[in-house]
Amino acid sequence: IIFSFFGRYASASMKSVARNVGLCLAVPSRGSSCRRRLLHSVAVVGSGPAGFYCARDILKGFPDVRVDVFERLPVPFGLLRYGVAPDHPEVKNASIECRRVMQDDRARWMGNVCVGKDLTAAELLTHYSAVVLSYGAETDNRLGIPGEDLRGVFGAREFVEWYNAFPGSQSRDFGLDKVRHAVIVGVGNVALDCARLLNAPPGLLETTDAASHAMAKLHNAGVRETFVVARRSPLQAQFTIKELRELINLSRVDGSEGPGAPAPSEPAAAKKRAKASSSAPWVQVSVDPSDVQCIAQAEALLQKNRPKKRLCELIASTAAPASQLKVDLRQIRFKFFRSPHHLVGDEAGRVKEAVFAVTEVDEKGNLRETGQLESVPCELLLRSVGYQSVPLERIPFLAKQHRANAGPDGRIPAGTSAAGSGMYA
């Protein structure tokens, strides 16, 4: 089984919560201080990877407890189902472990139940010995700049949900047929997923489980230039080397011509051209040479971190001035040291230009703006700068951290709002 990021992260973070839930439920048995007997059952709110791994660890560690997993959607697996790029099916294999949890007779899954609307977390606590809140982050972080509410500005989550057929997302209109220049703010794996899907060559998605409505519009997209923008340097890039390689190696897989190329006039010529171009490049990934000078300057630091060193070397290998960009290929251009400043709209209220403040790192290692502004054309902007959870009614919530007010052990303190001694997050 390939657990990938979801398995490793969810298992590590929820194992401690599961252990503390067990300790909360455990009572000493007569005649032995070592044996424990568990009472009643546990409710887990959210059936994404974290929720299922929490349920698994509770069931594994405490054989006399029952676990009910609640989900507001009609199907389980959360981020595994709706957050993974369709051309990365191996990542979704982590759902195999989630399915095994539900094969346990002590576990139940309940879909179409929205905690906070159909019933409250406090009401759950009256029926369960413990309640674990594991419902994830439902909204995108905002940039907080003028023009962010223009048409054509979306959160990356909205775009990812759209091509993964999230319920209710089919009607979202990104206007891809009118977009020639796209901007993605953020340099994590989700940002590179968005860049890859926006520039998907014909044949890439046909064998995947991508939503059919999204495939049709992505194939007809007019995107020719995509800017992937980061406030800091390549040293702080959060995407993996695998994601970057995949982007660099995007190729035509069905023999089609490059963007905007005319159709062949003769069938024989078409066959010959298809054979010759079956693995020809589809995009050119590049970065301005001035943005990667810091990599050479940080050589000593990178020697201590080989994965980061290899990633930075691959980023630096794409360095190319504007004069070396190939007009017959789609362009994906990384722009480091650029902080979103404001967006400019047209008469119809749609974004047409993104303006960035050029940044630099001072002698103390702090980021500062140089006072210089730089703009790029933009008909579509995707924010990929993280997500935040939303509060549940009467559950103490830390607004700045966008999470429930839980201690290091995951327990929400008793006596705070509606929370009791058996509430965890």
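There is one cavity of 30 Å³ or more in this predicted model, where a cavity is a set of points on a 1 Å grid over the protein atoms alone at which a 1.4 Å probe fits but cannot get out. The model is a prediction, with local features needing pLDDT of at least 70, side-chain atom pairs counting only at pLDDT 80 or more, and totals for chains, interfaces and linings using all residues. Residues are numbered from 1 along each chain as its sequence is written, and side-chain values use heavy atoms, leaving out hydrogens and water.

**The cavity**
- The largest cavity holds about 80 Å³ of space, a volume being the space filled by probe spheres set on the points, which are joined across faces, edges and corners.
- Its lining (residues with an atom within 4 Å of a point) includes Ser-286, Asp-288, Leu-325 and Phe-334.
- Six lining residues are nonpolar, one is polar and three are charged; Ala, Val, Leu, Ile, Met, Phe, Trp, Tyr, Cys and Pro count as nonpolar, Asp, Glu, Lys and Arg as charged, and the others, Gly among them, as polar.
- E12 gives the largest share of that lining, three residues.

- Strands here are DSSP runs of at least two residues, numbered from the N terminus, and two of them pair if DSSP finds at least two bridges between them.
- E10 (residues 225-229) pairs with E12 in the parallel sense over five bridges, with Val-229 opposite Lys-335.
- E11 (residues 283-287) also pairs with E12 in the parallel sense over five bridges, and here Ser-286 faces Arg-333.

How values were computed
Helices (H or I, at least four residues) and strands (E, at least two) are DSSP runs, numbered from the N terminus. On a 1 Å grid over the protein atoms alone, a cavity is a set of points where a 1.4 Å probe fits but cannot get out, and a pocket is an open set with protein on both sides within 12 Å along at least five of seven lines; lining residues have an atom within 4 Å of a point.
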